[in-house]
Amino acid sequence: MKPLSLSIAVKSDSDRNDQCQRLADELGVALVTEEGSYPYLLVYSEDGLSIQQTGKGAAGPVRVDFSAGATNHRRKHGGRELIVKAVAGNQHQPPSVLDATAGLGRDSFVLASRGYSLTMCERSPVVAAVLKDGLDRARRSGDSELEEIAKRMIFIQGNTLDYLQRLDEIDNPDVIVIDPMFPESKKSALVKKEMRTFHHIVGADSDSEQLLEQALMKARHRVVVKRPKKADYLAGLKPNFAVEGKAIRFDIYSLRAFGKK
Ligand SMILES: C[S@@+](CC[C@H](N)C(=O)[O-])C[C@H]1O[C@@H](n2cnc3c(N)ncnc32)[C@H](O)[C@@H]1O
């Protein structure tokens, strides 16, 4: 599926005109007062920036809010996080992590709230705008713990393949996490509508095999690939082991034990 980059516009808002114009210019999309024929709009409100589907039966807005919802609940109430186990095993010292497929930053946030410092890359300009907006709000939230967590999340907009190619060896991350888009589920009626919006905006990740290949050359200790539980291995490459949950699985490619240079 192709990204619908031309099917999105920024909705103007008289209270935030400069902000709306800046975003429209940055993304090279129209600034509109009416939804017209655009299936998606980028909308600023007091809750931040969101992607809003238009028309009858539209899905709810897609935005990043680290101070609410399931992610925040997990931050406040803890619990066993599979991704933490997948990334660090029994290692106590948090390794440096590159989130190669940042998306809406939920996985990175889980790691950052456990003390990890991360670099996150996202190439979709629309998703990047929404994520940056969520990070900015978290950094100015007035909740000192949330502000500290968000400061540990360094965001880079662009293709991770380019980022990795430019990276000096000394800056290679301990762990690289990859969570590629998976083809839209056949049971699409059951998939949350908001997830479908995300799928339509981002499209399929056709180069995720290449990403794994590069990541295996650059990570110091391990590469972690997030997959639906029943999915094939990415690039057909068998991992050393996996950490499994109810619906997802983390495939772990071990390169070097933690503690070894
Ligand atoms: C399934 S989502 C990741 C969701 C994320 N783990 C989260 O917790 O919100 C995949 C994201 O990776 C991005 N992506 C895929 N390949 C990429 C690449 N080579 N460089 C940068 N971003 C990439 C896509 O644009 C998409 O937003």
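Q: How far is the side chain of Glu122 from an oxygen atom of the ligand?
A: In this predicted model, an N or O atom in the Glu122 side chain sits 2.6 Å from a ligand oxygen.

Q: And which atom of the ligand does the Asn159 side chain lie 2.9 Å from?
A: That would be a nitrogen atom of the ligand, with a polar side-chain atom of Asn159 at that distance. The side chain of Asp179 has an N or O atom 2.8 Å from a ligand nitrogen.

Q: How much of the ligand's area does the protein bury?
A: The protein buries 96% of the 600 Å² that the ligand exposes when taken alone.

Q: Which elements give two or more residues to the shell around the ligand?
A: Those are helix α4 (106-113), strand β6 (118-122) and helix α8 (193-202).

Q: How many residues surround the ligand, and which are the closest?
A: There are 21 of them, and the closest are Asp107, Glu122, Asn159, Thr160 and Asp179.

Q: Let's look at α4. Why is it largely enclosed by the rest of the structure?
A: Because six of its eight residues are buried. Those are Asp107, Ser108, Phe109, Val110, Leu111 and Ala112.

Q: What happens just after α4?
A: Gly115 takes a positive phi there, of about 100°.

Q: Which residues does the UniProt "binding site" annotation cover?
A: The UniProt entry, which is unreviewed, puts that label on Arg106, Asp107, Glu122, Arg123 and Asp179.

Q: Where is Arg123?
A: Arg123 is in the loop between β6 and α5 (125-139). With 36% relative accessibility, Arg123 counts as partly exposed.

Q: What is Arg123 in contact with, leaving aside neighbours within four places in sequence?
A: Gly158, Asn159, Asp205 and Asp207. Asn159 is also the residue with a polar side-chain atom 2.9 Å from a ligand nitrogen.

Q: Switching to Thr101. Where is that one?
A: In the loop between β5 (97-99) and α4.

Q: Why does Thr101 count as buried?
A: Because its relative accessible area is 16%, and buried means under 20%.

Q: What lies 2.7 Å from a polar atom of the Thr101 side chain?
A: The backbone nitrogen of Asp179. Asp179's side chain, for its part, has an N or O atom 2.8 Å from a ligand nitrogen.

Q: Which residues is Thr101 in contact with, apart from neighbours within four places in sequence?
A: Cys121, Glu122, Val177, Ile178, Asp179, Pro180 and Leu211.

Q: What about Ser208, where does it lie?
A: In helix α9, residues 208-218. Ser208 is buried, with a relative accessible area of 10%. Beyond neighbours within four places in sequence, Ser208 is in contact with Pro180 and Leu234.

Key. Residues are numbered from 1 along each chain as its sequence is written. This is a predicted model: local features need pLDDT of at least 70, side-chain atom pairs count only at pLDDT 80 or more; totals for chains, interfaces and linings use all residues. Side-chain values use heavy atoms; hydrogens and water are left out. A residue is near a molecule or strand if one of its heavy atoms lies within 4 Å of it. A polar contact is a pair of N or O atoms within 3.5 Å; within protein, one must be able to donate a hydrogen and the other to accept it, and residues adjacent in sequence count only if both atoms are side-chain atoms. Accessible areas come from the Shrake-Rupley method with a 1.4 Å probe; for residues, only the protein chains shown count as cover. Helices (H or I, at least four residues) and strands (E, at least two) are DSSP runs, numbered from the N terminus. Buried means under 20% relative accessible area, exposed over 50%, partly exposed in between (1.4 Å probe, protein chains only). Contact means heavy atoms within 4.5 Å. UniProt positions are given in the numbering used here, feature names are shortened, and annotations may be inferred rather than shown by experiment.
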